[in-house]
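Good morning, everyone. Please have a look at the model on the screen before I start.

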Protein chains: 2
Amino acid sequence: MTNTNPGQGLLDRLTRVLPQRALLMGDAIGPVYQEDRRGRFSAKPRFILRPGTTAEVSAALAACDAVGQRLVMQGGRTGLAGAHRIMEGEAVLSLERMTAIGEVEPESATLIAEAGVPLQAVQMAAARANHLFGVDIGSRGTATIGGAISTNAGGIRVLRYGMFRAQIAGLETVLADGSVLSSLRGLDKDNTGYDLNQLFIGAEGTLGVVTRARLRLHPAPVAEQIAVLSVPTIAAALALLRRLKQTSGGALSAFEIMLPDAYAGVIGFLGMPPPLPLGAAFYILAEIQASSGAEAAEQTFQAALMAAITEGEALDAIISQSQREFAALWAMRDAFADYTRTIDHVSSGDISVPLSAMAAFLPQSQAALRQIDPETAFIICGHLGDGNLHYVIQTQQGAAAMECLLHMVVAHGGSVSAEHGIGVDKKPWLRLSRSAAEIAAMQRLKAALDPRGILNRDRIFDHLGR
Amino acid sequence: MTNTNPGQGLLDRLTRVLPQRALLMGDAIGPVYQEDRRGRFSAKPRFILRPGTTAEVSAALAACDAVGQRLVMQGGRTGLAGAHRIMEGEAVLSLERMTAIGEVEPESATLIAEAGVPLQAVQMAAARANHLFGVDIGSRGTATIGGAISTNAGGIRVLRYGMFRAQIAGLETVLADGSVLSSLRGLDKDNTGYDLNQLFIGAEGTLGVVTRARLRLHPAPVAEQIAVLSVPTIAAALALLRRLKQTSGGALSAFEIMLPDAYAGVIGFLGMPPPLPLGAAFYILAEIQASSGAEAAEQTFQAALMAAITEGEALDAIISQSQREFAALWAMRDAFADYTRTIDHVSSGDISVPLSAMAAFLPQSQAALRQIDPETAFIICGHLGDGNLHYVIQTQQGAAAMECLLHMVVAHGGSVSAEHGIGVDKKPWLRLSRSAAEIAAMQRLKAALDPRGILNRDRIFDHLGR
C-alpha cells in the first residue's frame with residue numbers, strides 16, 4: 001500500500017494544489033524541523049508542507065493519502081515524548097503558517113484560534129478582554145494550540161480549570177483523506193450524534209489534523225495570591241490540600257510540590273534567596289485566583305494557611321504581597337525544567353498516582369530506587385493537587401530505575417504518562433497503563449479514520465498494517 | 001451476516017453463560033420493556049437480557065455478536081428520542097440488575113456507580129457525604145446512570161457544572177464482541193493514548209455498553225437561592241445573565257426562561273398563586289449555589305438583582321427566603337413537562353442557538369410559525385443560560401411547524417437536538433446539524449467498534465451494511 005518513494009508524481013500534484021511558500025523541498029528545508037530539545041536523532045524530511053488555510057491542509061492530505069506518503073505533524077516542537085521527531089521516509093506537515101486568532105466573543109466567552117497560534121498569544125488575547133485562559137505550561141511561548149490540543153496539555157492550573165480538553169468548545173479537523181470536520185459553532189448543548197471533537201484531543205496527531213479551535217475562556221481573576229509552605233509529611237500536604245479546597249470556594253487554582261533537592265537546586269540555579277529556609281521535608285506552592293470578592297478571598301486564604309500551621313499541616317508559610325512577589329515565586333517553579341537540563345545522568349518520569357495512594361507511593365518508590373542505586377538523588381517537582389509528579393532522578397542506572405518506577409506507579413493505580421503523552425519515546429510503557437483490549441480499540445479507531453496510516457504513524461502504538 | 005432468526009443455538013448458549021434470572025423469554029417478558037411515554041409503537045422483543053455483572057454483559061454480547069443478534073439498550077426508558085423503542089427482530093439488553101453504588105471517596109470526590117443506578121440515587125449518595133452531583137433532570141427518579149451517560153444528559157445546572165460528559169472521571173464499557181474496556185481509576189491526568197471513555201458518552205448505546213462509571217462530585221453548596229424575575233425583552237434577559245455571571249464568582253447555577261403561556265399554564269396546572277403577576281413578556285428563574293461564604297453570596301446575589309431592576313434589565317423580582325420557598329419555585333419549573341403532556345396538538349423541539357443569536361431567533365421563529373398557523377401557541381421553557389429552549393408549541397400543523405422551526409434554528413447557528421439526542425425520532429433532522437463528512441465519520445467509528453451492527457442499530461444514523 002505504501003509508496004516508499006513518492007517521486008515526482010506527488011510533488012507535481014502538491015505544487016499544483018499549494019502555493020509556492022506552502023511547500024519546501026531540498027535545500028529550502030531548514031534544520032529547525034529536525035530540532036529535538038532532548039537531542040535525539042531525527043531523520044531528514046522528504047519535504048515540508050506549510051499550508052496557510054484549512055483548504056490547503058485538505059488538499060495536501062488528499063494528495064499524500066492517495067500515494068500513502070507518511071506525514072509527521074509539527075506545532076511548536078516542544079513535545080516531550082518525541083512524536084514530532086521525523087522517521088525515515090516521512091515528510092512534515094507544519095501548522096506554522098496558520099496563526100490567525102479571532103476576537104474574544106463576550107456572549108460565549110470564547111475565541112477561535114488557528115492551530116499554529118502559540119499558547120501565550122491566546123493567554124494574552126484573553127487577558128486584553130479581561131478574561132483568562134485556563135491552561136498554562138512552561139513552554140507557553142513556543143507550544144502551539146494545535147500541539148497542545150493534540151497532547152491534551154495540562155500544567156499548573158488543571159486543579160481548577162481542567163486539562164486542555166475542558167477548554168475546547170469546538171474544533172475543526174482534517175482527516176487523512178482530506179475531508180474536513182467542522183464543529184466550531186461552540187454550542188454549550190449539542191447532542192446530535194457523536195461528539196467527534198473528543199477523538200482528536202490527546203490523539204497526538206494520529207487521527208486527524210487540528211486546524212482551528214474555539215477555546216473557552218474564564219473571567220479574569222480579581223485577585224491572585226501564591227503561598228509557599230513547608231510541610232512535614234505527604235499526609236500533612238494532603239490535609240492542607242483538602243482544607244484549601246473546602247475553604248476557598250473553588251478559588252484554589254494550583255497546588256504544587258517540590259522535594260528538597262528540587263527546591264534547593266532551583267534556588268541555587270537562580271541564585272535567589274530561598275523564600276523559606278532549606279531543610280524542610282517538602283515544599284508546597286498554593287495559589288488562589290478569586291473570581292469575585294478579592295479581599296474576602298485573600299482573607300479566607302490567609303486564615304486557612306494560619307489554621308493549617310496551627311493544626312500542624314504546615315510548619316511555615318509565606319504569602320505573596322504584591323504582583324512582583326507573585327511573579328517571583330512562580331518564576332522559581334517555572335525554572336524547574338531549565339534547572340533539570342543542567343544536571344547529568346537525569347531520568348524523568350511524568351507520572352500520576354491517585355491522591356489516596358500518594359503517601360504510600362512516594363517513600364516506597366524512593367526505597368525501591370535506592371535499592372537499584374543508593375546514590376539516587378530525587379529532584380521531584382509536580383502538580384500534587386492532580387496527583388501528577390515530574391519524578392526526576394539523578395542516577396547512573398537510568399533505564400533500570402525508570403522500569404522500576406513505572407511498575408511501582410502502576411501497582412499504585414497510577415499512570416505512566418500524566419500529561420506528556422506517549423509519542424515515540426514512551427511506547428514501551430503504554431502496555432503498563434492500558435489493557436490489550438484498549439490498545440486494540442485504539443488501533444481499530446486509527447484504521448477507521450486513517451486506513452493507510454499516513455498521520456503520525458507508529459506514534460502511541462505500532463501500525464497494524466505491516 | 002445477520003441471522004434474522006437466532007433460534008435455539010443462541011438461546012442455548014445464553015442459557016449456558018448466564019444465570020436463569022438474567023434471561024427472560026416468552027411469557028416472562030413483561031410489558032414494561034415495550035413502554036414508551038410518548039405511546040409510539042414498540043415491537044415485541046425476542047428475549048430480554050438482564051445481566052447482573054460486567055462479565056455477564058460480556059458473555060451475553062459475545063454470544064449475540066457471534067450470530068448477529070441485534071440488541072436494544074434499555075436503562076430507565078425515559079429517553080425522549082425513542083432510542084430504547086424495540087424494532088422487529090431485536091432483543092433487549094437491560095441494565096436494571098446492575099444497581100450497585102459505591103461509597104463517596106473523599107480524596108478524589110468521586111463515587112463508582114453501576115449503569116442501572118437511578119440518577120437520584122447518585123444525588124442522594126453525594127448529599128449524604130456532603131457533596132453535590134452536578135446533573136439534575138426532571139426524570140431523576142427513573143433515568144439511569146447508563147442512560148444518562150449514553151445520552152450525555154444536560155438539564156438545569158449545565159451552566160455551572162457542564163453536561164454529563166463533565167461528570168465522568170472514568171468508565172467501564174463492553175464492546176459488541178464482548179471485550180471489556182475498563183478505565184475506572186479516575187486519574188485527573190492520564191495521557192496514555194486515546195481517551196476511549198469520551199467515545200461512549202452521548203453515543204446513545206451504539207458503540208458499546210456502559211456498565212460502570214466513576215462520577216465526579218462537587219462540594220455541597222453552603223447556600224442556595226432562587227429568584228423569579230419578569231424581564232421586558234430577550235436582550236434584557238441576556239444583560240441580566242451577564243451581570244449575574246460577572247458578579248457571582250461562579251455561583252450562578254441555573255438561568256431558566258419561561259414564556260408567558262408556559263408560566264401561566266404551569267401556574268394553572270399546579271393551582272398555585274403566581275410568584276409574580278401574569279402578563280410579563282418573559283419570566284426568568286435564576287439560581288445561585290455558593291460553595292463558601294453563604295451570607296456574602298446571598299448579599300451579592302440580592303445586590304445584583306436590585307441593580308438589574310435599577311438598570312431596567314428586570315421589571316420585578318422575588319427571591320426565595322427559605323428552603324421551602326426554594327423547593328416550591330423549582331417545583332413550578334419541574335412541572336413543565338407534566339403540564340405539556342396535558343395539552344392537545346403539541347409539538348416540541350429541543351433546540352439550542354448561540355446566545356448572540358437568541359434575540360433575533362425567538363421573534364423571527366415565532367413570526368414564521370404564525371405564518372404556518374396563526375393560532376400557534378408558544379409554551380416555551382428552557383435553559384436560557386445554555387441557549388437551550390424546549391420549544392413547545394400547540395398547533396394543528398405540527399409537522400410543517402417542526403420542519404420550519406428546525407431550519408430556522410440551523411440558520412441561526414443552532415442545534416436541532418440540544419440535550420435529548422437523535423435516537424430514532426430525530427434521525428430525519430440529523431443532516432441539518434451535522435455535515436455529510438461528520439456523519440460518514442460516525443459511520444466509520446460504528447463499523448470499527450461494532451462491525452456486525454448489533455448495538456442499537458439504526459439509531460442516530462442508518463446502518464451502512466445493508
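Predicted model: local features only at pLDDT ≥ 70, side-chain atom pairs only at ≥ 80, totals over all residues.

Residues are numbered from 1 along each chain as its sequence is written, chains are lettered from A and ligands numbered from 1 in the order in which they are written, and side-chain values use heavy atoms, without hydrogens and water.

First, the helix. Helices here are DSSP runs of H or I with at least four residues, strands are runs of E with at least two, and both are numbered from the N terminus. Helix 9 of chain B covers residues 294-310. The expected span of a helix is 1.5 Å times one less than its number of residues. For the 17 residues of helix 9 of chain B that gives 24 Å, and the end C-alpha atoms are 24 Å apart, so the two agree.

Which residues of this helix are buried? They are B:Ala297, B:Phe301, B:Ala304, B:Leu305 and B:Ala308. Buried means under 20% relative accessible area, exposed over 50%, and partly exposed in between, with a 1.4 Å probe and protein chains only. Just after helix 9 of chain B, B:Gly312 has a positive phi of about 80°.

Now the rings. Rings of Phe, Tyr and Trp (its six-membered ring) pair if their centres lie within 6.5 Å; planes under 30 degrees apart count as stacked, over 60 as edge-to-face and the rest as tilted. There are twelve aromatic pairs over all chains. In one of them, the centres of A:Phe133 and A:Phe164 are 5.5 Å apart and the planes at 55°, so the pair is tilted. Both A:Phe133 and A:Phe164 are buried. For A:Phe361 and A:Tyr391 the centres are 6.0 Å apart and the planes at 70°, so this pair is edge-to-face. A:Phe361 lies in helix 12 of chain A and A:Tyr391 in strand 18 of chain A, so the pair ties together parts that are 30 residues apart in sequence.

Last, that strand. Six of the seven residues of strand 18 of chain A are buried, so the rest of the structure largely encloses it.
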